[in-house]
Amino acid sequence: MNLAHLHLLLNHFPIIGTMVGVGLFVFSLVGKNDDLNRAGLIVFSVMALLALPTFFSGVGAEGAIEQLPGVSRVLIDRHEGAAILALLSMEITGAFSLAGLWQSHKASRPARWNVATILLVSLITVGLMARVGTTGGDVRHPEIWASADPAANEGTLGSIVRAFEPSPSKFTKLMTANKYWWAFMMDLHFIGLIMIIGAVGALDLRMLGFAKALPIASVHRLVPWALAGFAINVITGVLAFIGMPVFYTYDIAFWIKIFAVLLLGLNAAAFYLTDTFKMVEHMGPGEDAPPPAKIIAASSLVLWFGVITLGRYIKSYQGTISGR
Amino acid sequence: MALPLFLRSIEESSFSTWLRESESPFGFYFVLLFHTFGLAMLVGANALIDLRLLGFSPGIPLAPLKRFFRIMWIGFGINAATGVVLLISYPTKALTNPIFYAKLTMIASAIWILTKLQKEVFGDPTLPEADMMARGAPLAKWSLTLWVGAISAGRLLAYTFKYILYPF
């Protein structure tokens with residue numbers, strides 16, 4: 001398996017998965033079904049997470065084919081610009097979905113303004129993802145071209161969307177133009193790390209039996225701080241990647257770090273989608289969490305410190321993946 | 001003005017050279033990693049207490065948060081130790097950078113506030129929560145500001161140095 005292969009495997013998730021999410025979400029609104037609604041939000045959140053390695057692996061796919069005859073630089077850049085815009089829309093959808101899941105945990109359904117927002121941004125995401133898929137297909141499949149030169153003949157809708165798609169090379173230059181901007185992004189990345197470790201760390205430690213005088217329910221109220229920290233880190237992380245795409249792509253520590261973040265998503269799913277959360281939700285001071293909760297808490301702590309470790313070692317492991 | 005020679009002497013020592021040049025995974029990056037762990041423990045827990053003292057998540061009882069002081073002091077210990085080792089690795093780089101001194105000043109101030117929090121807010125177990133909040137809120141504001149400043153200064157060190165090693 002190489003990065004090009006990974007890209008071709010993963011891209012199905014944000015493109016098709018968001019359509020499934022929209023289907024579930026719309027049917028939940030029509031049928032006034034809270035469980036279906038929650039399922040839709042979960043699908044959006046998962047697709048937002050998977051969109052990240054999909055995006056990152058694109059540079060590896062580019063590296064694998066850009067020297068081949070018949071491969072157009074213009075079409076690759078068009079696809080990459082479309083991907084940046086679609087990723088933005090996908091992550092916004094994911095953020096509102098996580099907020100909606102938090103609201104539905106407290107009030108059995110998301111707030112009305114959130115439902116309307118998610119409907120709008122998810123539909124935009126589906127449209128933009130369709131465009132990423134088509135522009136990506138155009139790179140290696142001339143048989144699907146609508147006209148002789150797809151980049152020059154965009155059509156009405158395509159031309160409008162094209163105006164919003166950034167130029168990848170200009171974006172890269174912008175991110176690295178000023179070392180104080182880079183320092184600021186890395187600084188925010190550390191602040192996000194602090195928010196995550198402070199909030200999730202406190203909850204994990206309490207579930208493991210530390211500071212038992214704290215009721216679990218109130219410590220759990222810290223989770224939105226962790227989500228906000230995670231959002232800051234996704235934003236600064238993606239911007240950093242766009243700033244130095246080759247540096248990160250061919251670095252094994254970066255990929256294991258992203259994999260660890262996906263495992264943390266799985267860990268969160270194990271916590272919330274099984275009975276584990278219900279078991280601990282109302283635990284008061286002095287009560288001991290059951291073993292499944294302790295296992296999830298321990299793996300959460302190990303994985304987050306693993307993410308920090310891998311992040312710190314990115315610089316030492318540059319160039320450890322071949323391809324360029 | 002020539003730079004003090006002791007900087008060069010430290011860099012030429014076998015420990016300093018080993019930290020910088022060894023292929024071992026336990027070199028400079030390992031020390032830097034534990035510096036990040038210590039920061040996560042110290043500032044993560046301190047931020048939690050500061051935000052609580054400023055009124056966020058009022059459902060969390062304040063008194064039990066005293067247990068987190070142990071984590072914070074362990075984090076500080078890790079960072080003091082790793083900080084010294086990092087300084088031994090690149091003494092010229094750090095000591096010729098004014099931002100390094102700003103960082104140490106902010107850390108010293110934040111730790112001083114931490115000791116005040118421990119004594120004045122969490123020191124008396126019979127103190128009612130409302131009094132703890134009243135005493136703690138102004139300290140918490142300064143604590144958060146200083147830690148954000150210290151972390152930012154720390155990050156800037158990687159981008160603002162004038163010398164990486166003693167210039168010959």
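## Two helices of chain A

At what angle do helix H1 and helix H3 of chain A pack, and how far apart are their axes? In this predicted model, H1 (residues 3-10) and H3 (residues 34-65) of chain A meet at an angle of about 140 degrees, and their axes are 7 Å apart. Because of that angle, H1(A) counts as oblique to H3(A). The crossing of H1(A) and H3(A) is left-handed.

Let's see who takes part. H1(A) brings A:Leu3, A:Ala4, A:Leu6, A:His7 and A:Leu10 to the contact. From H3(A), the residues include A:Leu50, A:Pro53, A:Thr54, A:Ser57 and A:Gly58, along with A:Gly60, A:Ala61, A:Ala64 and A:Ile65. Sorted by class, the contact between H1(A) and H3(A) holds 9 nonpolar and 5 polar residues, with no charged ones.

## Where the chains meet

Chain A and chain B also touch each other: 27 residues of chain A and 24 residues of chain B form the contact. On the side of chain A that touches chain B, helices H8 (179-207), H9 (216-220) and H14 (291-313) of chain A each provide at least two residues.

What classes of residue make up the side of chain A that touches chain B? That side has 18 nonpolar, 5 polar and 4 charged residues.

## How confident is the prediction?

For the model, the scores are ipTM 0.89 and pTM 0.93. Chain B has an average pLDDT of 94, and 99% of its residues score at least 70.

Definitions and conventions: Residues are numbered from 1 along each chain as its sequence is written. Chains are lettered from A and ligands numbered from 1 in the order in which they are written. This is a predicted model: local features need pLDDT of at least 70, side-chain atom pairs count only at pLDDT 80 or more; totals for chains, interfaces and linings use all residues. Two residues are in contact if their C-beta atoms, placed from the backbone, lie within 7 Å. Helices (H or I, at least four residues) and strands (E, at least two) are DSSP runs, numbered from the N terminus. Ala, Val, Leu, Ile, Met, Phe, Trp, Tyr, Cys and Pro count as nonpolar, Asp, Glu, Lys and Arg as charged, and the others, Gly among them, as polar. Axes are lines fitted to C-alpha atoms, for helices over the stretch in contact, and angles run from 0 to 180 degrees between N-to-C directions. Angles under 35 degrees count as roughly parallel, over 145 as roughly antiparallel, 65 to 115 as roughly perpendicular and the rest as oblique. A crossing is left-handed if the near helix is turned anticlockwise from the far one by less than a right angle, and right-handed if clockwise. pLDDT is the predictor's confidence in each residue, from 0 to 100.
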